[in-house]
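Me: Please take me through this two-chain model, one question at a time. Keep it short.

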Amino acid sequence: MSYPYNQFHFITLNLCKLFSSKDKTGLQVGKTNPDSDIFDLLKEDLNKGFRLVVERYSSKLYWHIRRLVILHEDADDALQNTFINAWRNISEFRSESSIYTWLYAIATNEALALINKRKRNSAVSLDDLGTYFANSQEGSSWFDGNEAQKKLQNAILQLPEKQRIVFNLKYFDEMPYEEMSGVLNTSVGALKASYHHAVKKIEDFIRNG
Amino acid sequence: MNELNDIPKNNPFKVPEKYFEEVNRKILSGTAGFDSGIQKIGIIRKLRPYLAVAASVALLVVLSYTAIHFFARSENRSEFPGITLSEYTDNYINDIDIISLEENAAETGLFREETGFNKNDIMDYLVLDNIDIYDIYEHF
């Protein structure tokens, strides 16, 4: 190939890439993505798109975090950190999954970080609600469940952290295993087994507790 | 799962009144609601494809001009710079013709010893007295 042809071909190729609509914000949309409206808005206006993300998912993420960390003040901190992290990384997000599972993954990590920090700072074992409420300023004012629900929450607190997450996502959020796999980066089979064992442990605790 | 089925699934945790409105406002004020930098980046990102096209076109123009200028210049290298045709005929042709004249004069015997004239003297006489070179040619 002669030199002028190579130059023309190179310039044309790069002009085509620049004109492609693939990457204005760094976001790519899958064909059957439930968050396609959010992605369209994020491409058009990043701020407006992120506002929609916050309005749509703040409640869901809060309750997911709250069930893990128990206390409202801790859940409030973790929720805000979750969205700050999401905002910082929004332009690098590649939506092979959905923004929903991506946010859940960030929220889960924030909750776990907070739990581990609390463990390091507290000499008391945090394995029931009473201990949590006794060790916080808010006390039990933000818990309104009956005795059975209190027993269930105590049973869940006995589980290892990851198993607790699996149980909460399946039992309370009714998240499909395929989505949960994206959140926790674990195989569907392992998640099913973990949930099955979690249910058995909780039932034994409630029966014998 | 009988024990679990007996427990109500409703949320036992509470939040302060209007908590979600407040927390959304707090989150947005620290992220998407914070204008510094994000809007400017958005405008630059929007203009980037057009700037890239403009830069490519400008580069093509510069390369074309350079190529044309380079090749055009190389064709003029054989010309004598800074001299008109009349100056050339007045100065260069006369010098060349004087040399030719000398050679011709040598062949015709003009500068033979028996004449007593030095050929340089003859040349000087011819040049200084503005003898027309063509008249001399015709003579010889």
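Predicted model: local features only at pLDDT ≥ 70, side-chain atom pairs only at ≥ 80, totals over all residues.

Me: How many helices and strands does chain A have?
Reply: Helices (H or I, at least four residues) and strands (E, at least two) are DSSP runs, numbered from the N terminus. From the N terminus on, chain A reads α-α-α-α-α-α-α-α-α-α. The count is 10 helices and 0 strands.

Me: What percentage of chain A is buried?
Reply: A residue is buried if 20 or more other C-beta atoms lie within 10 Å of its own, exposed if 12 or fewer, and partly exposed in between, with C-beta atoms placed from the backbone. Chain A has 209 residues, and the buried share is 30%.

Me: Among contacts in chain A between residues at least 6 apart in sequence, what share join residues at least 24 apart?
Reply: Two residues are in contact if their C-beta atoms, placed from the backbone, lie within 7 Å. Of the chain A contacts between residues at least 6 apart, those joining residues at least 24 apart make up 61%.

Me: Are helix 3 and helix 4 of chain A parallel, perpendicular or oblique?
Reply: Helix 3 (residues 46-69) and helix 4 (residues 72-89) of chain A pack at about 140 degrees, with axes 9 Å apart. Axes are lines fitted to C-alpha atoms, for helices over the stretch in contact, and angles run from 0 to 180 degrees between N-to-C directions. Angles under 35 degrees count as roughly parallel, over 145 as roughly antiparallel, 65 to 115 as roughly perpendicular and the rest as oblique. Helix 3 of chain A is therefore, relative to helix 4 of chain A, oblique.

Me: How are helix 9 and helix 10 of chain A set to each other, parallel or perpendicular?
Reply: Helix 9 (residues 177-184) of chain A packs on helix 10 of chain A at about 100 degrees, with axes 9 Å apart. Tyr177(A), Glu178(A), Met180(A) and Ser181(A) meet Val188(A), Leu191(A) and Lys192(A). Helix 9 and helix 10 of chain A are therefore roughly perpendicular.

Me: What is the handedness of the crossing of helix 7 and helix 10 of chain A?
Reply: Helix 7 (residues 147-158) of chain A packs on helix 10 of chain A at about 130 degrees, with axes 9 Å apart. A crossing is left-handed if the near helix is turned anticlockwise from the far one by less than a right angle, and right-handed if clockwise. The crossing of helix 7 and helix 10 of chain A is right-handed.

Me: Is Asn185(A) buried or exposed?
Reply: Asn185(A) lies in the loop between helix 9 and helix 10 of chain A. Its phi is positive, about 55 degrees, although it is not a glycine. Because Asn185(A) has 7 C-beta neighbours inside 10 Å, it counts as exposed.

Me: Which helix of chain B gives the largest share of the side that touches chain A?
Reply: 27 residues of chain B are in contact with 35 residues of chain A. Helix 1 (2-5), helix 2 (19-29) and helix 3 (38-75) of chain B each give two or more residues to that side. The largest share, 7 residues, comes from helix 3 of chain B.

Me: Which element of chain B has the lowest mean pLDDT?
Reply: Chain B averages a pLDDT of 71, and 45% of its residues score at least 70. Helix 2 of chain B has the highest mean of its elements, 94. The lowest mean, 59, belongs to helix 4 (residues 85-108) of chain B.

Definitions and conventions: Residues numbered from 1 in each chain as written. Chains lettered and ligands numbered in written order. pLDDT = per-residue confidence, 0-100.
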